[in-house]
Amino acid sequence: MSPLNLQIRTFKRFLHRVHKGRSLVELNLLMMLMADTFSKPAGGSQPGSGEPQGSGWFRTFTIAAYKPYFDVDTSDIIDRLKESLFPFRGTFTEKTATNPDLYGPFWICTTLIFVAASIGTFVTYIAHKLKKKEWDYDINLVTWSAGVFYGYVTVVPLILYVILKYFSAPSGLVQLFCLYGYSLFVFIPALCLSVVPLEIFRWVIAGVAGFMSATFVALNLKAHINSAGERWFLIVTGIFLLQLALAVVLKLYLFTVTV
Amino acid sequence: MSISHSDTIPLRPSNSQSDIDEIRSLIDDSVHSGPAVVLPARHPATTPPPSSSPFISSNIPPPPPVSSSSSLQKLQSVPAAPPPPPPVGNSSSIVANGFGPPPNTLTEPVLDTVKRDLWRIVSNLKLVVFPNPFREDPGKALRDWDLWGPFFFIVFLGVALSWSASVKKSQVFAVAFALLAAGAVILTLNVLLLGGHIIFFQSLSLLGYCLFPLDVGALICMLKDNVVAKVIIVCLALAWSSWAAYPFMSSAVNPNRKALALYPVLLMYLSVGFLIIAID
């Protein structure tokens, strides 16, 4: 006999007593007991509440599905940031293989958008003021840089993931997002330094930052896809050039001042 | 069905559905045949309560004390709540609003409603933006949170920025509004993902109220036009906003991750401050 049936039988007996006695107290007690039973999950008749409910594709829309990717402490994040500044070590992927995080990539991109928009605005402002010309704030800088950064960090790892799967050297998608996100960190100090109005200096900064970032991505990936065989060199150079291209595009759009 | 004095009932094979029906009919018999110990579901003088759900208790002031009848109604309404069978007709008088007759806010004058909401906004503002350093729990958020206040502040900031912009006014408003609204949502999600414990809308409400100093700063910047003065005012407003938001955000997460939860808040307010300075 299931637990629910047992409880119901107990109730019926109790009820008959109550009906006979017609006592208010017993009626109250009965109500409380009934409420208690009907609200508690009776044995195995209802699904356990501790387990995450998931029905297939719904899970991508719950917060709990993404929690494992944010399981980092402040010290972890700082370590990873420092790691991204030394591109020639090539140990980033090992360190983040078991615990890739999405916090870093997302907030580095967001910070980059803000820094790019503000530095770009500031540069054009100074240039106009120096020549005593009229200046208007260009809100398009914000939207444009948002599109570039978020788009780059989302689309390129996706394409890379597909390519790597094709060459049977699969890497986890989240690890790729993590790698690309942290590779953009070096652009933050680079953008800050680009405030200096010397054109040559700006090109040097852009070049160095682009090179560091591209090497970071390339070396970390190389360790991973060495096993892929003959095509790895192509992939690695492709990625390298792409990152350099990003740096050049940034420099051209943000710091080309036509006054 | 004959009721005997003995405790035992002859067992017969039955399923739980018929058991439930039988129990329900027994309850009805007990209630209706008993003496008038069960008070009627509603006091005849008050009208039936409007639809407001009794479970969002924070926004409804406590019902007037209706002594024992309300507690009985509470108990009676609970067995009507669990799902399967629709309530039998003659038991409908038991299914009652278990919290006693609530105040009737549907028929009050509009001015009363508006005054009540405004008063709530003001009191929430005082709690959040001018926090008392000696209160018992600095991390305890608004109990009576609402979303009107944040809405006003966000719209006001958007309008102020759009007013001071000389070109592309509507685009400026759109970017400001989107930044603030999406920013509040993303900040809350960020805390939730880091394993913190907050209530989603309460956090939205709090982040909205913390915008008030920036609103004041934007208003002053609209009036004065000197760049250096603007920078100083905005820095002060920013510091005030961050100080207001700090205790709430930092107490919501694990201390190891405090900086991770606070940095985005600072970033958002910084970007808003930058927009205020830049748009002249």
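# Patches, rings and bridges

Q: Which residues make the nonpolar surface patch of about 420 Å²?
A: Patch residues have over 30% relative accessible area and no salt bridge; nonpolar side chains (Val, Leu, Ile, Met, Phe, Trp, Tyr) are joined within 5 Å, like charges within 9 Å. Areas come from the Shrake-Rupley method with a 1.4 Å probe, and for residues only the protein chains shown count as cover. The patch is made by B:Phe156, B:Val216, B:Leu219, B:Ile220 and B:Leu223.

Q: What kind of model is this?
A: Residues are numbered from 1 along each chain as its sequence is written, while chains are lettered from A and ligands numbered from 1 in the order in which they are written. Side-chain values use heavy atoms, leaving out hydrogens and water; local features need pLDDT of at least 70, side-chain atom pairs count only at pLDDT 80 or more, totals for chains, interfaces and linings use all residues, and the model is predicted.

Q: Which helix of chain B gives the most to the nonpolar patch?
A: Helices (H or I, at least four residues) and strands (E, at least two) are DSSP runs, numbered from the N terminus. B:Ile220, one of the patch residues, is found in helix H7. With 4 residues, the top contributor is helix H7 (residues 212-223).

Q: Is B:Ile220 buried, exposed or partly exposed?
A: Buried means under 20% relative accessible area, exposed over 50%, and partly exposed in between (1.4 Å probe, protein chains only). The relative accessible area of B:Ile220 is 35%, so this residue is partly exposed.

Q: How are the rings of B:Trp148 and B:Phe152 arranged: stacked, tilted or edge-to-face?
A: Rings of Phe, Tyr and Trp (its six-membered ring) pair if their centres lie within 6.5 Å; planes under 30 degrees apart are stacked, over 60 edge-to-face, the rest tilted. The search finds 18 aromatic pairs over all chains. In this one the centres are 5.9 Å apart and the planes are at 25°, so the pair is stacked.

Q: Which helix holds both B:Trp148 and B:Phe152?
A: The two residues are 4 apart, about one turn of the helix. B:Trp148 is partly exposed at 45%, and B:Phe152 is partly exposed at 42%. Both lie in chain B's helix H4 (residues 148-164).

Q: Which residues do ring pairs link into a cluster?
A: This cluster is in chain A. Its members are A:Phe70, A:Tyr103, A:Phe106, A:Trp107 and A:Tyr150.

Q: Which residue lies over the face of A:Trp203?
A: A charge sits over a ring if NZ of Lys or CZ of Arg is within 6 Å of the ring centre and within 35 degrees of the ring normal. A:Arg89 does this for A:Phe86, at 4.6 Å. Over A:Trp203, at 4.8 Å from the ring centre, lies A:Lys251.

Q: Which residues are linked with A:Asp73 in a network of salt bridges?
A: The network includes residues of chains A and B. Linked with A:Asp73 are A:Asp71 and B:Arg257.

Q: How far apart are the closest N and O atoms of A:Arg80 and A:Asp101?
A: A:Arg80 is buried at 9%, and A:Asp101 is buried at 0%. The two form a salt bridge, and the closest N and O atoms are separated by 2.6 Å.

Q: Is A:Lys95 buried or exposed?
A: A:Lys95 forms a salt bridge with A:Glu83, at 2.9 Å. A:Glu83 lies in helix H3 and A:Lys95 in helix H4, so the pair ties together parts 12 residues apart in sequence. A:Glu83 is buried at 5%. A:Lys95, at 52%, is exposed.

Q: Which residues of chain A does UniProt place in the feature "transmembrane region"?
A: Chain A has 10 helices and 0 strands. Residues 147-164 are 100% helix, with end C-alpha atoms 25 Å apart. UniProt positions follow the numbering used here, with shortened feature names, and annotations may be inferred rather than shown by experiment. The unreviewed entry gives 105-127, 147-164, 176-197, 203-221 and 233-254.

Terms used: Salt bridge = Lys/Arg side-chain N within 4 Å of Asp/Glu carboxyl O.
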